[in-house]
Each structure stands twice: as C-alpha cells, then as structure tokens.
Amino acid sequence: MSTLRVKGVTVRFGEVTAVDDVTLTVEPGVTGLIGPNGAGKTTLFDVISGLRRPSAGQVSLDEEDITSKGPHQRSRMGVARTFQRLEVFGSLTVWENVVVALESRRRPARLAGELLERVGIAKFADDQADTVPTGAARLLELARALATDPVLLLLDEPSSGLDRAETEEFGELLRQLSAEGRSVVLVEHNMDLVMGYCDHVHVLNLGRLLVSGTPDVVRAHEGVREAYLG
Amino acid sequence: MTALLAYTIFGLVTGGAYAVVAGGLVLTYSTSKVFNVGHGAIGMVMAFLYWELAENRGLPQWLALLLVVGVGAPLFGLVVERFIMRRLTGAPVGITLVAGVGVLVGLIGVAQVIWPPQARPVRPFLDQLGVHVGQSFVSGHDLVTLACAVLVAGGLYVLLNRTRTGLAMRACVDAPELASLYGTRPTKLSALSWAIGSALAALGGILLTPVVQLDYVTMTLLVITAYTAALVGRLRSLPWTFAGALGLGLVQSYAVAYLPSSPFWISFRAAIPALLLFVVLLVMPQSPLRIGGVRGSRGVATPSAVTTGVAAALFGAVVVVLALLVDPVVAAQLALGLVFGIVMLSMVLLTGYGGVVSLGQFTFVGVGAVTVARLGSSSPLALIAGAGVAAVVGALIALTALRVSGLYLALATLGFAQLMDKLVLQSPIAFGVRGSLQVPRLVESPAAQLLLAAGTFVLVGIGVLAIRRGRLGRRMIAVKDSSAACATLGLNVRWIRVWVFSLSAAIAGLAGGLFAQLRETVAASDFQLFNNLPLLLFAVIAGVTSVSGALLGGVLLMLLPVLQSGFPAFAGVAVVLLGVAAAGLSRDPNGLVSWGFRAWSWRRA
C-alpha cells in the first residue's frame, strides 16, 4: 500500500510552462489523471518516474523524498510505467521484453509466460516486438511494468488501440491490480474506463490542477465540463 | 609582451580558419541533421583541386579560389547531398555516421588516385603584403584568413537570421513536413546548405594549406578540431562555434609558446584538440533519455547453441585442412584475417548488439599489442593481460563519456582514439624511441599461428553468441532500443554501457596481442589513427550483427592491402570502392552476409 505525493511540481520548457505548481496525492486504488491534450499529464508522469527533473517542487513515495533519485532507483522502489508513445524493445521478442524486466528485478524468467497470459497477449510471445499491433504493444508495456512487481503503476493511455471487449477485460485487470494492493494511475481519454473503474480522479488543464475528487464530483464540476468534456 | 601579442595573432588566425570549417559543419548539421564526418575530407580534396588549378595549371590565385570555393565545392556538396545524404534523412545516427565515414574514406581514395603522393607546396595569399603590429609581423595570408572568418561569420548570420531562405532552413529542421506545407522545399534547402557547407570546408582547407601542408589524412583529420569548435556551439549556435574555434586556435598557439619542448609535451600539444573535445563533452549538459517511438532493427537470427556448435566444428575442420595444405605465407595471411575477424567480433558486441558506433576500435587493438610487446613474454597470460589492459582503458572511456550518447558518444570515441594516438601509440611511451618492438611468439610456425587465431576466433565467437542469447545480450539490445524504458525498469543504463565497452575492448585487446605475435615486430605505424575508419566500414559492409559477418569483414580487411600491393594502380580505387560501398550499404547493418542468410532460408523454405 503506497502513497505518492506530488508537491508544487512545475516543469518549464523555455518559455512554456507545461506543469504549473501541481500538488496532488495518489492513494492505493485506481486513480484517473485526465485533461485535454497538452494539459501536462505525460510530463507529470515523466517527473514521477524520474525521466524528467522538475523545475521546482517535490515528489515523495511513502513520505520518502525521491525528487533527486534517478529513474532506475525509483523503479527499484516500486515505481513502474508505460508510455504514451510506445517504448517497447523493438528488436527483441515480446517474451524477451518481459524477461529483461524480470531479470532486472532478479525474478525468474519463467514468470514471463504467466504475465503475458495475464494481460492477454500470450499468442504474440515469439513475435518481434515492433511487429505486433499497437494495442498488443501497449499491453506488452503493461506486462513489462508488472514484471518489476511495482507498488505504483503509471499507465499512459493504455486502452488506445483496444476494441470494446478488450477494454472491458482491461478494466477488470485494473480492478485486480488494485485489489493486489498496487496504486494505479491512469492517463486516459476513454471516459467510460475512467468513470467506471477509477476511485479518484485528478483533472489537469493547461498544466494546472483543475479539480480532484470522486468520478461523480469530477463529472459534476463546471470547469471540467468546459475544459474537457465539452 | 611582444611574444604574447605575436602568439595571440597567430592563434586568432588559425582559429579563424577553424571557424570557417566549423561554421560549414554547423550549417549542414542544423539544416539536415546529418553530422558530416567527411567534412574535413571535402576540404582536403578541394585544397588539392586548388593546388591543381593555382600551382599546377598556373591560374591566378584569386581565380582558382573562386573556381574551387564558388563552383567545385558547392557542386560536390550537391552531389553528396543528392545521392547519399538525402536517402538518410531521419536515419539513426549510426547509419549517417557510417555513410559519412564512407564519404571520408572514399574521398581520400579519390585524392590518392588523382594526385599521387609528392610534395605540393602552396603559395600563401598576398605574400608580398603584410603589416607590423607592434614588433610582430602579420602576413597577407593571415589577414586574408581573418577577413574570411569575419565575412563567413557575418554572411551566415545574415543568411540564417535576416533572409526568408534562412528562416525556412531553420524551420525545416524542426518539422520538414510542416515547413513543406508552407511552400518551402526541404530538399532544396538541404541541398543549399550542403552546397554552402562544402564551400566553407573548401575555403577553410585552402586557408590552412600553407600551415599544415597538403596531405590526405592529416588535412582530413584536422577537422577533429572543427568538431570540437562545433560542439562548443552544441552543433547549433554559430556564435558559440566561432568563439570555440578562436579559443581553440589561441590555446594551441599559446601551447606552442609556453609549454616545455620535451618529447612528451610535443605530443601533448598535438593532443590538445582531442583533449578539449573531451572537456567539452564532459561539461555538456547531460543528454536526456530520448522518449517516443518504437525502435527496433531486424538483426539476423541468433543461431541456437546446437547450430553454433555444428558451425564451429565445420569451421575448425576447414581451418585444419587449410593449415595442412596452404603454403606458410598464405597461412600467415589467413591468420591475420582471423585476427581482424576477432576485432570485428568486438564490434558485433559494441555496435551490432549495443548500437554504439565506435570510431576508435582499432586503438584497443593497439593497446593490446603494446601490452603484449612490452611484457615480452610468450606465455598465454601475456595475451590475457593485453585483453585486461584494453578492458580497463575501455571502461575508462565509457566512464568519461557516461553523460553523452549517440552522435556525441561516437565523437568521443574518435577524440579518445586521437588522444591515445598522440599521447601513447605514436609517442615513445608505447614503442620506445626506435618506434618498434620485438614480440616473442606463443607458437612459431604460420600453420600453428593460423590454428591459434582460428581457435581464438571460435571461442570468442561462441562467447559473443552466448552473450547475445543471455541476460547481458538482452539488456544491451534493450538499452539500444529504448534507454528510457530500461531506466524505468530499474536497469542502470550507464553501467550496462561501461560493461559493454569494457568487454568489447577486451576482445579487441586480445586480438591486438595475437596481431603482435603474428607480426613478431610491431611498430607505431601499425596503429595509425586512420586505421579505425576502414575497420568500421568493413565491419558494416560485411555485417556487424553476426559472427559470420565478423569473419567475412576480417578477411576483407586483410585482403585490402594485399590487393593494393598486388595492383598498385588499383590501390586508390579500392579505397574509393570501399567508401562508396559503405555509404551505399550503411542502411543495412546486417551487411553482405545477410544476403547469404536470406538465400539460405529461401532455399529451405
């Protein structure tokens, strides 16, 4: 059971402020992080996973300040993520992709089969990873992240490329992951998935935190309707 | 005080010429995103062309200069852009680098064919003119150089910042598709920048000729200094590039003036550009891990342990038969080819699997050879010590260049190679004052040498394949495809790179030891800086992703000088062909052997 705290995080790219003084808390369960394109969601993921240093602010996991830690150190503390623009290891097979992650955590390679089965892409195991369909590649990134046995899982648009039935299965998987005691953060454009499976939702707009609350609170918020839901 | 003034002026003049060359480099890079390693070679060929017109054909200097800088060089730039570089737009850094090295080596061949070696003095510009500043004399040529530097700086500034074309050039780099929607033609702009870039390389080359003399390799590699200046400007900023070039010129000039003139310090002076290249890379802001987009490359299939075993046994049998049948001279040549094959195996690991292009791999061969020669022992332990020392040196270079990746890392390997060349391999430290060392042999007869080389090749090949099938191999490839994802999976990307560098250097060092024993006498001339480049090209042409490719590459590298001495008329042409083949084949790192693999799988299907 892990709690992530983001305190006053700001990210500037030259003149542009991509994330502006964002403070939020992620409790165990499934948390949605939504907002229109360019709201700063992926940038915030980069900051939390350690791929980008914030211009200001602090990130802590279970009260430990991790702002100055590198991405691999954070991974060893239990932070894992997937990427909006795919980052699979294209020259390796799907199975090898997961094995790399397992070995990095000194877990046995035989778990790879189970993980691929779990996310539903076992049939692609022997294919080279840059040849599988986008939806399957996203699930591969999820399997790879799960291979590190994370306490905090950051998923960046995991359902794009999935059909309706696959999306529902994916929602069930989210519930299971949360039941296992992992904190899951979901950046997602599929509102049914967000409203149906998240316990808590944060809304970003133009780099700022607009509102936080349960799906019902967020759905009723005037600003959210204007900024995002239309 | 007057000495200081004189050396300052001299430094500014050299720096001015560097600035002209570096300005062209930055212009082509910033508009086409291709770092032209062959930039210096273009300058070299154009300086020869200038000699041909001004000195050999007796044209007035100004007319020759105008013809070369205004017509010859831009046309040549257009040809290179149209037929080589345009096809590489958006290609990974490794591929553009190899194509650039292909151009470089090819141009050296061209120059050798057209202008066979002989002394070619070039008159300086305005040699009757000159002014006295205080007590120091500034020659007419110096004034011309300074004026050219100022004109080029101003011209480039106006072009990029004050003209529509310049604006469009800058826009094209960021988003060529978008810029084309607004009516600009990215290919035209890229062609223009290559034309101007080549003209500047030519101008810089011609201005430097009275200082450095016309020589194929020296002039080509002189651009390492320009690389350093361009890196000061981070390959984008022209003002910083010019400042860097002038700074370099001054540092070199003051080093001549104020450093002691013992042999060590003389080699140290020559190593200053490479040292500064390292310093610039060290203080550069850390390159962030690149995020976005699947990268994968289709390597040749990794053979299973059984297939590997069968292939090794077959290969062993063939070598034994050859060792029994062929005459000693041929056996020694074959052994040399296999030793080069082992060097190629080190590149399979580093470049084929790890995706790091090394422009300094032959340096580790030199380190291994020197270690074995210095130990003076014929024990197998000496060979292992050679590998060990090379491994330590490899780890050091990786640690020094931890912060950079991609193009900058490749340039760091080149800087390292130059540093080792000037400070160690070409100085008395390595081969003593006589410049050569005797090496005791582990085995004597050429046939035994062949068997030893083959045995080592088989063992290292099996090892490389085992690495590929195992944990380290998966990690190396994962790092190559996505460092960002590796980091978020808990892998320390930088340590993996240190391991890979070190292991690869160890293999090259082992090959160096074998090379030394095979030759019995090794000399500084065996390990010239330039040797690194054909090595890389043959590795890529033959196939840098497989053990079979390494074998073929090694044999080809061994055959090159054999062909050249057998057919002297063909010597330069062979180098041209090598460059052209590499530039053409650089798109497919699986190389020639992959055609064989494809034919084989097609036959079985």
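**Notebook: chains A and B**

I began with the secondary structure of chain A and counted 9 helices and 10 strands. I note at the outset that this is a predicted model. For overall size, I looked up the radius of gyration of chain A, which is 17 Å; the globule rule also gives 17 Å for 230 residues, so chain A is as compact as a globular protein of that length. Along its principal axes, the C-alpha trace of chain A spans about 45 × 40 × 35 Å. I then checked burial and found that 49% of the 230 residues in chain A are buried. Among the contacts in chain A with a separation of 6 or more, 66% are between residues 24 or more positions apart.

**Domains of chain A**

I recorded the division of chain A into domain 1 (4-78 + 152-229) and domain 2 (88-149). The centres of these two domains of chain A, taken over C-alpha atoms, are separated by 23 Å. In the contact between them, 9 residues of domain 1 of chain A meet 9 residues of domain 2 of chain A. On the domain 1 side, strand E7 (152-156) and helix H6 (164-179) of chain A are the elements that give two or more residues. H6(A) gives the most to that side, with 3 residues.

I next selected A:Val98, which lies in helix H3 of chain A.

**Where chain A meets chain B**

I then turned to the interface, where 30 residues of chain A are in contact with 24 residues of chain B. Helix H2 (71-76), strand E6 (79-81) and helix H3 (94-104) of chain A each supply at least two residues of the chain A side. Which element of chain A gives the most to this side? I found that H3(A) does, with 6 residues. By class, I recorded 12 nonpolar, 9 polar and 9 charged residues on the side of chain A that touches chain B.

**Domains of chain B**

Chain B is divided into domain 1 (2-258) and domain 2 (331-604). I noted 31 Å between the centres of these domains of chain B, taken over C-alpha atoms. Their contact takes 23 residues from domain 1 of chain B and 28 residues from domain 2 of chain B. Helix H4 (93-114), helix H9 (216-221) and helix H10 (223-232) of chain B each supply at least two residues of the domain 1 side. H4(B) gives the most to that side, with 17 residues. By class, the domain 1 side has 18 nonpolar, 5 polar and no charged residues.

**Helix H5 of chain B**

Last, I checked the length of helix H5 (residues 140-162) of chain B. At 1.5 Å a residue, its 23 residues should span 33 Å, and the end C-alpha atoms are 32 Å apart, which agrees. I listed the buried residues in H5(B) as B:His141, B:Asp142, B:Thr145, B:Cys148, B:Ala149, B:Val152 and B:Leu156. What covers them includes helix H1 (2-32), strand E2 (136-139), helix H8 (186-212) and helix H11 (238-258) of chain B.

Technical notes. Residues numbered from 1 in each chain as written. Chains lettered and ligands numbered in written order. Predicted model: local features only at pLDDT ≥ 70, side-chain atom pairs only at ≥ 80, totals over all residues. Contact = placed C-beta atoms within 7 Å. Helix = DSSP H or I, 4+ residues; strand = E, 2+ residues; numbered from the N terminus. Nonpolar A, V, L, I, M, F, W, Y, C, P; charged D, E, K, R; others polar. Expected span 1.5 Å × (residues − 1). Buried ≥ 20, exposed ≤ 12 C-beta atoms within 10 Å, placed from the backbone. Rg over C-alpha atoms; globule rule 2.2 N^0.38 Å. Domains from an automatic or database assignment.
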